[in-house]
Amino acid sequence: MDAGKEEIRIGVFICRCGFNIGGVIDVPIVTEYAKTLPHVVFAEEGLYTCSSAGLDSIKKQIEKFRLNRVIVASCTPATHEPLFQKTCEEAGLNKYLFEMANIREQCSWVHMHLPKEATEKAKDLLRMAVAKASYLEPLTEMEIDITPSALVIGGGIAGITAARSLATQGFQVHLVDKEAELGGMLKHLHTLQPTGREASQVLREAIIAVKSNNNIHLHMSTSIHEVSGFIGNFDVTLQTKNSDQPEHIKVGTIIVATGAEEFKPVGMYGYKENQNVITQLEFEQLLRKRELKKPGKVVMIQCVGAREKTGRTYCSRICCQVAINNALHLKKLDPSIEVTILFRDMQTYGENEHLYKEAMENSVNFIRYDLNKPPKVTSGRDRDLIVTVYDTCLGAEIELESDLIVLSAPLIQHEDGRRLSSILKVPLGADGFFFEVHPKLRPVDFASEGIYVCGTAHGPKNIVESLAQAYAAASKASIPMAAKKIKSGAVKASVDQEICVNCDACVVSCVFNAIEASPFGLPKIIEANCKGCGVCASECPMGAMQLKQFKDDQIIAAIEALFKYETCIEQVGSFKPVILCFACQWCSYAAADLAGVSRIQYPPNVRVLRVPCSGRVDVLHVLRAFQSGADGVIITGCLIGDCHYIDGNVKAKDRVDVMKKCLGSLGIDPRRLEIGFASSSEGQKFAAMITGFVDVIKQLGPSPSRPKLGGEVCTR
Amino acid sequence: MKRELARHINLFEFSAKEVAAKTKPGQFVILRIDEDGERIPLTIANADEQKGTIAVACHEVGRTTTQLGRLKEGDSVSDLLGPLGKPARIEKYGTVLCVGGGVMVAPLHFQAQAFREAGNNVIGVVGATTKDHLIFLDEMETTCNELFVATDDGTKGYKGMDFLSDLLKEKKIDRVVAEGPIVMMKTVSDLTRQHGIPTIVNLIPIMVDGMGMCGACRVTVGEKTLFACVDGLEFDGHQVDFDELLARMKMYTTQEKIAYVFSEEEGRN
């Protein structure tokens, strides 16, 4: 059905919600008012529109009045929109031709003692919905087929575990490693805690399991050359060493398990200058190969090149456990070996605390040093080494003789990891490790769908933690592959080639890699990657990029409708500001709803317009609001750091900061524009934000651009 | 003189005798439309010493370029400074491949002419997003010994840049000069790197003074940080950090949009 071309016929259904709406808002007046709005051919009120009688009525009227747009004015779309959309679909109407006006959570419940104002606000909200509805377009939802195979990059214990988990579930797995043999870091380790088992034994069993699994395809001595495509359909080019022909494979999901490497602290504490100064990893290799010449006195230094003031500021997490484990091993070899650990802070969480205690009981010495007074290593007589350290507990400098110094250096990202980050277009964090999209909500996921991370590629962790994460990544990857298809919604970016000036602003603005740059500048939208935030549309200088369902003309229609007062001289003299609030559909809209559910009362001057993300609010939208007569505009988004599109709210804030500087040139006081952030649990904060902003606007007085009536500024 | 080359792309000829007398291909000017105006750098697309004119092509992509596009024949701009930057290195190399994209085909043509005059066999590539945005086709056809056309959407000529890798295999090319969108120059450089062909890209990043003072136009080339205005516009395409350049170009997207939208709205009222 091409609703764009036929006559627009809007049906409006206003819900009393029993006493919830009907007890405050004069529903018959609003219903009569609805009938006067453009394109509205039908309006009725109902006691409960979401009841089966209410839904039946919607279906009946769609047919009877040939409605091609439906509006329900009732509660929040967060809970009831899917139900009404389904009803529309059952009556043969595309569900994207449905619009909702929230006159309960954001009206009757928050203005319980102001029935007149609440009724006026309900009329405004309805008028906005009707205006937007006239511009709605039918949309088709996208379905993506998922190739049931995975690429696991990295054949260390994390990669092996993830690959085995997926292969056991029946998926084809391509396990790729740059080295000739599986095992990663485990190949170099001696024993593993907490079990104390030999790493080689653990690894041997894992490798046998991998090799005997027919669903796992091994690609050794192989690197990732190129990756294109999107979830379900990644095209990967593999390059195997000494092979001319690159190999192409197609996979549905990708797991990054590329591990990390040990920092080599060249130039610190005599490392690489004296052969008796080695790292913990090198020490483990000696143990593993049984090549350790039994030392008499060993000094281990912790935090070598880690937890620095700048640069590697992070804690590598595993070094304390490793040092204690190795110290205990020395003591088991020969209790007479003197072992001293110079530490800044011991971090032995969980089980490791028992080992710490055991080490102390086995007379391993622990000496605390200070970052500002690090130990010094000098050569003593007879080729031994002298470590001078300022003991912060003693408050004095002490000298330790030693014939072996073991440095605990942090894990760091390696060159291949950095290269992979740019090939996959997934981010690295400040510490250089792969950076997940959300630490709590999506801890093994990247923003790009279908790509997951586990193991030390994501940051230093011990084997227990690596395994847990590997299982998590495998289980996340298996979800779309088991489903075989995923729905990808219809709210996607689209570009008008005619208007596009090929500046690539959209390409740069998209954090989901959903817009690819073509050589000559034509943006190519990868719909499967598009999450529908609309940031690209707001960054597009020309308005060529648009977000379906939230296009500029749709949003502006709602904005302009708000300020079209029919009865605007009711109360000349007493200033009642009209304020537009853009609320992102996630946290800030939910906070507004919560304010309603909690019956927190706030001034009735604000009209909320729902947008996908605060980052979708365009300069043009704000400007049009002011030009149409808004006394104030407030944009609300999720808390900084909690944006559902990573940093849309940061972009919104940047935009507001710049706009504030420019509004003056149009004669608009910059204080009339504000941005605020609230989590979905902060109803109180949302109400306080609105109340505060209304106060500011009241002090500023009516906007100079308000519609004028008979020479007098209309104050409604 | 003003000539529409494509929708929102115009060629302007300015009378600027002193500038014209000194201009060499590869150089640029900075102009300001009025006293409050923004200074914008534009690469020179032609210079006629006898007529005392220089030509620039401009794509309307924001506030100032749109304002410039609205100028009519006979109008003038407040000031025009140049020629700035180093002239392109024009020598006899043998076969020179000139790859141009979008509005930058116009200044590239200026270079292509010089390469031809220096006795080179010149192969040209004219590219744009779509058929209607192709400019200077006739001029390039006349100047080059051989011409290829490409568009992103394939509405004319080759679709995208893939054809270039075959071209590089088939022909013996001694030097490549690319001028156009950053992504295009990056694509070209990546392709020629595999064949070891010296590749020059013409970079014109965000600039302020254009004389090496402010550092706004810095580009990372190999280990070095260089200024496009005084060290360029020519750089070794195999050494340029294009990703950084692209990010730097988008540093003021918000401000640019506000400036554009506000000026359009001011004009509306």
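Predicted model: local features only at pLDDT ≥ 70, side-chain atom pairs only at ≥ 80, totals over all residues.
Me: Which residue is the bridge partner of A:I634 in β34(A)?
Reply: Look across from A:I634 into β34(A). The partner there is A:E674.

Me: What is the order of the open sheet of four strands in chain A, and which are its edge strands?
Reply: The pairing in this sheet is parallel, and the order is β32-β31-β33-β34. From one strand to the next the twist averages 20°. An edge strand pairs on one side only. That picks out β32 (606-611) and β34 (673-677) of chain A.

Me: At what angle do helix α9 (residues 280-288) of chain A and helix α10 (residues 319-333) of chain A pack, and how far apart are their axes?
Reply: Two packed helices are described by the angle between their axes and the distance between the axes. The crossing of α9(A) and α10(A) is left-handed. The angle is about 35°, and the axes lie 11 Å apart.

Me: How do the residues of the contact of α9(A) with α10(A) divide by class?
Reply: From α9(A) come A:Q280, A:F283, A:E284 and A:L287. They meet A:C319, A:V322, A:A323, A:N326 and A:H329 in α10(A). By class, these residues divide into five nonpolar, three polar and one charged.

Me: How far apart do the C-alpha centres of domain 3 of chain A and domain 4 of chain A lie?
Reply: The domain assignment gives residues 263-410 of chain A to domain 3. It gives residues 491-545 to domain 4. The C-alpha trace of chain A spans about 105 × 60 × 50 Å along its principal axes. Between the centres of domain 3 and domain 4 of chain A, the distance is 53 Å.

Me: What share of the residues of chain A counts as buried?
Reply: Chain A has 20 helices and 36 strands. A residue is buried if 20 or more other C-beta atoms lie within 10 Å of its own. Of the 716 residues of chain A, the buried share is 51%.

Me: Which strands of chain B does helix α3 (residues 105-117) touch?
Reply: Start with the open sheet of six strands in chain B, ordered β1-β2-β5-β4-β3-β6 with antiparallel pairing. Its edge strands are β1 (2-6) and β6 (79-84). Helix α3 of chain B packs on this sheet, making about 40° with the direction of β4(B). The strands touched are β2, β4 (40-48) and β5 (53-59) of chain B.

Me: Which residue in β8(B) stands opposite B:V99?
Reply: Strand β7 (residues 95-101) of chain B is mostly covered, with six of its seven residues buried. Seven bridges join β7(B) to strand β8 (residues 121-128) of chain B, and the two run parallel. Opposite B:V99 stands B:V125.

Me: Which element gives the largest share of the side of chain B that touches chain A?
Reply: The contact takes 32 residues from chain B and 25 residues from chain A. By class, the side of chain B has twelve nonpolar, 14 polar and six charged residues. Among the elements that give two or more residues are β8 and α6 (182-195) of chain B. The largest share, ten residues, comes from α9(B).

Note on methods
Residues numbered from 1 in each chain as written. Chains lettered and ligands numbered in written order. Axes fitted to C-alpha atoms, helices over the stretch in contact; angles between N-to-C directions. Left-handed = near helix turned anticlockwise from the far one by under 90°. Contact = placed C-beta atoms within 7 Å. Nonpolar A, V, L, I, M, F, W, Y, C, P; charged D, E, K, R; others polar. Domains from an automatic or database assignment. Pairing = 2+ DSSP bridges. Buried ≥ 20, exposed ≤ 12 C-beta atoms within 10 Å, placed from the backbone.
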